[in-house]
Amino acid sequence: MMILHHAWQSSASRRVRLCLEEKGVAYEGHVVDLTKLEQHSPEYLKINPNGVIPTLIHDGRPLHESGTICEYLDELIPDPPLRPDDAYERAKMRNWIRHIDSLIGNLVIFNWRHQLQKVAQKWSDEELAEVIRKIPSPERKEAWMRVARRPYTEEERDEARAKLIGLLDRMEAAMDPDGWLVGDAYSIADIAAVPFIKRIDEEIAPDQMTEAKHPRVAAWWTAIQARPAYGRAGIGSFIEASSD
Ligand SMILES: N[C@@H](CCC(=O)N[C@@H](CS)C(=O)NCC(=O)O)C(=O)O
């Protein structure tokens, strides 16, 4: 029995849903409402000490970190494979996941403007202090503090956008035409990139997702969106879903 604690708009949750759909695994979804800070509740922290989503519960045992969860699912359900056979290629896959994970702060700058900032700006100083007290990581304390009181500036968004375009450049350089990030098959490295590319294409830098600027990434993105598992994973518009 698989239970996924997730949110439809969460990038890390989207990775795990993509993986589950590729594997054709049935799971029970529990939506965690980030605007209500359910991710920082004492009950949730018992299953995910980082106070973030997603968390997968398999036969009663919780697992956090989307990249780790995807690898776990691939070990558990080998067909269809989502990791290369070759150890070197698998190591490269992990480095992609690690690199993309390191860029999450840049995505937060864009994503949190939509729903979370609107909620956070309404908190009193006392409410904000209470929220911050419950957050386990210093980085996320800072992120919540920022959206509540010192929203990210245009300059910071430009810097974040440039770093995310850097991801497109790196992907473009790594891929063969009509290829995948690692080896010759779709893998968890590609899955790790999907939620980032979705947001880049939708809002952050759509002009970069063209045949002229990043032809291999553009073809890769078309191929990914045509996958039946992508259609089933609920990777909808971030902006439309927000209560802007
Ligand atoms: N490295 C983690 C990142 C998880 C993460 O940042 N989750 C976000 C949603 S995409 C979250 O729960 N944010 C709420 C918060 O920080 O309070 C993973 O890949 O699972």
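A nonpolar core is a set of buried Ala, Val, Leu, Ile, Met, Phe, Trp, Tyr and Cys residues joined through side-chain atoms within 4.5 Å. In this predicted model, the largest such core has 65 residues. The domain assignment gives domain 1 (2–76) and domain 2 (87–113 + 152–233).

**Nonpolar cores**

- Trp144, Met171, Ile197 and Trp220 touch the most other members of the 65-residue core.
- Helix H10 (residues 188–204) supplies the largest share of this core, with 10 residues.
- Another core, of 7 residues, lies apart from the largest one. Its members include Ala7, Val32, Ile47 and Ile57.

**Met171**

- Which residues does Met171 touch, not counting those up to four places away in sequence? They are Trp96, Leu181, Ala193, Ile197, Val217 and Trp220.
- Two of these partners, Ile197 and Trp220, are named with Met171 among the core residues that touch the most other members.

**Domains**

- The C-alpha centres of domain 1 and domain 2 are 21 Å apart.
- At the meeting of the two domains, 14 residues of domain 1 are in contact with 20 residues of domain 2.

**Ser66**

- Ser66 sits in helix H3 (residues 66–76).
- Is Ser66 buried or exposed? Its relative accessible area is 4%. Buried means under 20%, so Ser66 is buried.
- Beyond its neighbours within four places in sequence, Ser66 is in contact with Ala12, Arg15, Val16 and Pro54.

**Largest pocket**

- The volume of the largest pocket is about 1,200 Å³.
- Its lining is made up of 48 residues. Val52, Ile104, Val108, Trp112 and Arg140 lie nearest the centre of the pocket.
- Which elements give two or more residues to the lining? They are helix H1 (11–23), helix H5 (104–111), helix H8 (138–149) and helix H13 (238–241).
- By class, the lining holds 23 nonpolar, 17 polar and 8 charged residues.

Methods:
Residues are numbered from 1 along each chain as its sequence is written. This is a predicted model: local features need pLDDT of at least 70, side-chain atom pairs count only at pLDDT 80 or more; totals for chains, interfaces and linings use all residues. Side-chain values use heavy atoms; hydrogens and water are left out. Buried means under 20% relative accessible area, exposed over 50%, partly exposed in between (1.4 Å probe, protein chains only). Helices (H or I, at least four residues) and strands (E, at least two) are DSSP runs, numbered from the N terminus. Contact means heavy atoms within 4.5 Å. On a 1 Å grid over the protein atoms alone, a cavity is a set of points where a 1.4 Å probe fits but cannot get out, and a pocket is an open set with protein on both sides within 12 Å along at least five of seven lines; lining residues have an atom within 4 Å of a point. Grid points are joined across faces, edges and corners, and a volume is the space filled by probe spheres set on the points. Ala, Val, Leu, Ile, Met, Phe, Trp, Tyr, Cys and Pro count as nonpolar, Asp, Glu, Lys and Arg as charged, and the others, Gly among them, as polar. Domain bounds come from an automatic or database domain assignment.
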